[in-house]
Amino acid sequence: MDKRSLEHIARRFREAETRADILRKELAAAIRQADADELPQKDICEVTGYTRQQVRRIVLAGPDEGDEAAGPEPSK
């Protein structure tokens, strides 16, 4: 692999990370809205693939902090 190819892949990876961050924030906002609309938490978990604990964390954190809570669940 040459330097140019590696730079191209690294740039694509950084762009994907940026898109993922934006989508994570959008999903957190959608989860909070679904909760406000009284959609059952069971349904939110089913659709998103998040655990109930993750959904609670997002909802309770609010719009400024909830986006960070949408990340993967920590290992136990």
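Arg24 and Asp21 are three residues apart in helix 1 and are therefore separated by about one helical turn. Their side chains meet in a salt bridge, with an N to O distance of 2.9 Å. A salt bridge is taken here as a side-chain nitrogen of Lys or Arg within 4 Å of a carboxyl oxygen of Asp or Glu. By this rule the count comes to one salt bridge. Arg24 is partly exposed, at a relative accessible area of 28%, and Asp21 is likewise partly exposed, at 39%. The classes are defined on relative accessible area: buried is under 20%, exposed is over 50%, and partly exposed lies in between (1.4 Å probe, protein chains only).

The model is a predicted one, in which local features need pLDDT of at least 70 and side-chain atom pairs count only at pLDDT 80 or more, whereas totals for chains, interfaces and linings use all residues. Residues are numbered from 1 along each chain as its sequence is written, and side-chain values use heavy atoms, with hydrogens and water left out.

The secondary structure comes to three helices and zero strands, and the pattern read along the sequence is α-α-α. Helices (H or I, at least four residues) and strands (E, at least two) are DSSP runs, numbered from the N terminus. Of the 76 residues of the protein, 21% count as buried.

Helix 1 has 34 residues and reaches 49 Å from its first C-alpha to its last, close to the 50 Å expected at 1.5 Å a residue. The expected span is 1.5 Å times one less than the number of residues in the helix. The buried residues of helix 1 are Ala28, Ile31, Arg32 and Ala34.

The largest nonpolar core has eight residues, namely Ala28, Ile31, Ala34, Ile44, Cys45, Tyr50, Val55 and Ile58. Two or more residues of this core are given by each of helix 1, helix 2 (41-48) and helix 3 (52-69). The largest share, three residues, comes from helix 1. A nonpolar core denotes a set of buried Ala, Val, Leu, Ile, Met, Phe, Trp, Tyr and Cys residues joined through side-chain atoms within 4.5 Å.

Arg32, found in helix 1 (residues 3-36), counts as buried because its relative accessibility is 15%. The side chain of Arg32 reaches the backbone oxygen of Gly62 at 3.4 Å. Polar contacts are pairs of N or O atoms within 3.5 Å; within protein, one atom must be able to donate a hydrogen and the other to accept it, and residues adjacent in sequence count only if both atoms are side-chain atoms.

The side chain of Asp2 makes a polar contact with the side chain of Ser5 at 2.6 Å. Asp2 is partly exposed, with a relative accessible area of 43%. A nonpolar surface patch is formed by Met1, Leu6 and Ile9, with about 360 Å² of accessible area together. Patches are made of residues with over 30% relative accessible area and no salt bridge; like charges are joined within 9 Å and nonpolar side chains (Val, Leu, Ile, Met, Phe, Trp, Tyr) within 5 Å. Accessible areas come from the Shrake-Rupley method with a 1.4 Å probe, and for residues only the protein chains shown count as cover. Leu6 lies in helix 1 and counts as exposed because its relative accessibility is 51%.

Glu38 is placed in the loop between helix 1 and helix 2. Although Glu38 is not a glycine, it has a positive phi of about 65°. Most residues other than glycine have a negative phi. At 69% relative accessibility, Glu38 counts as exposed.

Arg52 is placed in helix 3 and is partly exposed, with a relative accessible area of 44%. Arg52 and Lys42 are ten residues apart in sequence, and their C-alpha atoms are 7.5 Å apart in space.
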